[in-house]
Amino acid sequence: MPEHGPLAGVRVVELAGLAPGPFGCMVLADLGADVVCVQRPDEQVVAASVRRGRRVVTLDLREAGAVEQLLGLAERADVLVEGFRPGVAERLGFGPDVCRARNPRLVYARLTGWGQQGPLAPRAGHDIDYIAVAGALEPLGRAGHPPHAPLNLLGDFAGGGMLLAVGVLAALLERASSGAGQVIDAAMVDGSALLTAFLHGMAAEGRWPGARGTNLLDGGAPFYDTYATSDGGYMAVGALEPRFYGELLAGLGLDGDPELPGRDDPAAWDTLRRRFAERFAQRTRDEWTAVFAGTDACVAPVLAPAEAPGHPHNRARGTFVTVGGQVQPAPAPRFDRTPAATPRPAHEAAVADVLRGWDA
């Protein structure tokens with residue numbers, strides 16, 4: 001049972017599901033919560049990296065006796081997280097009303113794609129569908145090409161699991177003053193829409209005027225883009241401010257070029273991008289990394305996930321840790337008085353053992 005981290009002592013019952021819910025509960029477990037994952041006998045197991053830090057109990061919730069065991073856990077828990085379609089938990093006998101009648105302090109967190117209400121609430125969907133309806137997919141991609149989903153990072157993990165964790169923390173904080181739990185309706189479509197707040201602001205201020213792939217932060221600007229190197233690698237360039245842009249030009253050897261057009265005229269962006277691409281193609285990724293080391297040009301090597309743990313900065317900070325023989329991202333953020341422990345792999349447990357530890 002976790003003993004470290006700012007959430008030490010918080011008890012969470014997680015109804016096993018696909019990636020978003022397990023990720024949100026992983027965040028809670030990383031920060032010290034005692035998370036008990038309840039899975040069905042035939043449950044599809046998600047990746048070990050997002051199941052870490054839990055005890056796992058197996059219950060067939062189609063059986064009345066199993067539901068009673070789940071309710072016994074809910075009686076002693078601070079939080080219950082479920083990711084079923086609307087109405088399923090009620091039909092199985094452990095909906096919010098039943099759980100909170102036995103534990104009025106329980107925070108009952110529900111994570112779905114479309115939310116508990118609305119025309120799409122009962123329908124199936126995946127990350128790409130939620131971010132599409134939220135308006136978060138259309139802006140992503142190159143000019144003249146179809147929208148391109150960034151893996152399932154936006155809907156499942158950022159708009160889903162991470163916003164679920166934020167909701168749980170807010171409800172726990174409010175409970176400290178009210179003494180009462182509440183139901184959280186965390187919808188991935190809502191969370192994905194929330195992630196576009198900055199984009200909506202830029203559009204309202206006229207700073208996002210063009211179509212996909214033609215604006216400042218979507219690959220339209222040549223000084224906020226990626227460039228291929230001679231060895232097939234890539235460099236990421238984020239030289240938005242004039243001073244940083246000047247350091248970019250200096251590193252590329254273009255700062256004294258009288259024929260280089262100005263950066264503030266979008267009509268010149270194609271010319272700038274071509275010149276930058278020509279320069280980056282002349283050296284390897286490691287050579288360019290060395291050129292820009294110690295500068296404020298905002299230029300960084302594009303690392304594959306398997307490469308990231310070896311980067312000197314990540315090694316120095318311990319951004320990655322080894323859990324059960326696997327290299328995984330470390331818990332974040334960091335706390336000076338109540339630091340999180342290195343996560344442990346998930347391990348099986350019995351309901352009776354959990355209840356003995358969770359003294360009423």
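User: Contact here means heavy atoms within 4.5 Å. Going by that, which residues does Pro 139 touch, not counting residues up to four places away in sequence?

Analyst: Quick heads-up: this is a predicted model, in which local features need pLDDT of at least 70, side-chain atom pairs count only at pLDDT 80 or more, and totals for chains, interfaces and linings use all residues. Residues are numbered from 1 along each chain as its sequence is written, and side-chain values use heavy atoms, with hydrogens and water left out. Pro 139 sits in the loop between H6 and H7, with helices (H or I, at least four residues) and strands (E, at least two) taken as DSSP runs numbered from the N terminus. Leaving out residues up to four places away, its contacts are Leu 199, Arg 212 and Asp 218.

User: Is Pro 139 buried or exposed?

Analyst: The scale first: under 20% relative accessible area is buried, over 50% is exposed, and partly exposed is in between, using a 1.4 Å probe and protein chains only. Pro 139 has a relative accessible area of 12%, so this residue counts as buried.

User: Which residue does Glu 138 form a salt bridge with?

Analyst: Side chains of opposite charge can pair when their charged atoms come close. A salt bridge here is a side-chain nitrogen of Lys or Arg within 4 Å of a carboxyl oxygen of Asp or Glu. For Glu 138, the closest N and O atoms are 3.2 Å apart, and the partner is Arg 212.

User: How many residues apart in sequence are the parts that this pair ties together?

Analyst: Glu 138 is partly exposed at 47% relative accessibility, while Arg 212 is buried at 19%. Glu 138 is in the loop between helix H6 (127-134) and helix H7 (153-178), and Arg 212 is in the loop between H9 and E7, so the distance along the sequence between the tied parts is 74 residues.

User: How many salt bridges are there, and which residues are linked in a network of them?

Analyst: The count comes to 22 salt bridges. Among them, Glu 205 pairs with Arg 207 at 2.7 Å between the closest N and O atoms, and Arg 62 meets Asp 60 at 2.9 Å, N to O. The residues linked in a network are Glu 68, Glu 75, Arg 76 and Arg 102.

User: What kind of aromatic pair do Phe 223 and Tyr 245 form?

Analyst: A pair of aromatic rings is described by the distance of the centres and the angle of the planes. Rings of Phe, Tyr and Trp (its six-membered ring) pair if their centres lie within 6.5 Å; planes under 30 degrees apart count as stacked, over 60 as edge-to-face and the rest as tilted. There are 11 such pairs in the model. With 5.7 Å centre to centre and 80° between the planes, Phe 223 and Tyr 245 are edge-to-face.

User: Why do the buried residues of H12 line one face of the helix?

Analyst: In helix H12 (residues 285-292), the buried residues are Arg 285, Trp 288 and Phe 292. The arc is taken from the directions from the helix axis to the C-beta atoms. Seen down the H12 axis, these buried residues line one face because they fall within an arc of 65°.

User: Which residues are exposed on the other side of H12?

Analyst: The buried residues of H12 pack against strand E8 (234-238), helix H10 (242-252), helix H11 (269-280) and strand E9 (299-301). On the opposite side, the exposed ones are Asp 286 and Ala 290.
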